[in-house]
Amino acid sequence: DYSDYQTTTIVGGSSTFVFNAGDADINGVEVEGNYLISESLTISAFSSWIDVEFKDGLIETATPEWKFGAGLTYTTDASYGDWIASLYYSWMDVRYTSDPDFNDTNQFVPEEDYFMLNGRVQLNIGNVSLAVIGRNLTDEEYTTQVFANLSLVRSGFVAESESALAS
């Protein structure tokens, strides 16, 4: 239980507006684990649930109720170095963002749930690591942040797929 819980919203893309959300009940559980299938193969998974309830009922939360994910990591040794390959899937539930009419704090818009598939192949040679990283391999579009600008137009950032070579 929280009394006089404060929350923020972004206004104009660079300023924040802090307001008192009243009393809130926040409960949740998070579970994660790893299992070594063989010397080279590991499976991992996580899940989380959070219930955020504001007692006055006027606002929603930007926190998704459910999130889960799973992944596989394969490692192998070669005469010249170590290879690591991984593939991870994750999913995020619906969450709410503020409507541009920030004078009426009970206007909240649901942002759709989405899933993400990421991968990585890495070669370690001594103190040097080379990796090819693929994020959002299925080219899923999702909103990362939404805000009301000064002209009261709702806008936000949509993530795109990306990959990179790192050393």
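Strands, labelled E, are DSSP runs of at least two residues, numbered from the N terminus. The views below come from a predicted model.

**View 1. Thr73, a buried residue in strand E4.** Strand E4 covers residues 66–78, and Thr73 has its place there. Thr73 counts as buried because its relative accessible area is 17%, and the cut-off for buried is under 20%. Look for its side chain making a polar contact with the side chain of Tyr88, at 2.9 Å. Setting aside neighbours within four places in sequence, Thr73 also touches other parts of the chain: its contacts include Ser40, Leu41 and Thr42, along with Ile84, Ala85 and Ser86.

**View 2. Tyr74, a partly exposed residue in strand E4.** Here we stay in strand E4, where Tyr74 is found. With a relative accessible area of 43%, Tyr74 is partly exposed. Ser40 sits 34 residues away along the chain, yet the C-alpha atoms of Tyr74 and Ser40 are separated by 5.4 Å. Once neighbours within four places in sequence are left out, Tyr74 is in contact with Ser40, Leu41, Trp83, Ile84 and Ala85.

**View 3. Trp83 and a nonpolar patch on the surface.** Trp83 belongs to strand E5, which spans residues 81–92. At 31% relative accessibility, Trp83 is partly exposed. Trp83 is one of the residues in a nonpolar surface patch, together with Tyr80, Val121, Ile125 and Val132.

Key. Residues are numbered from 1 along each chain as its sequence is written. This is a predicted model: local features need pLDDT of at least 70, side-chain atom pairs count only at pLDDT 80 or more; totals for chains, interfaces and linings use all residues. Side-chain values use heavy atoms; hydrogens and water are left out. Helices (H or I, at least four residues) and strands (E, at least two) are DSSP runs, numbered from the N terminus. Buried means under 20% relative accessible area, exposed over 50%, partly exposed in between (1.4 Å probe, protein chains only). A polar contact is a pair of N or O atoms within 3.5 Å; within protein, one must be able to donate a hydrogen and the other to accept it, and residues adjacent in sequence count only if both atoms are side-chain atoms. Contact means heavy atoms within 4.5 Å. Patches are made of residues with over 30% relative accessible area and no salt bridge: like charges are joined within 9 Å, nonpolar side chains (Val, Leu, Ile, Met, Phe, Trp, Tyr) within 5 Å. Accessible areas come from the Shrake-Rupley method with a 1.4 Å probe; for residues, only the protein chains shown count as cover. A salt bridge is a side-chain nitrogen of Lys or Arg within 4 Å of a carboxyl oxygen of Asp or Glu.
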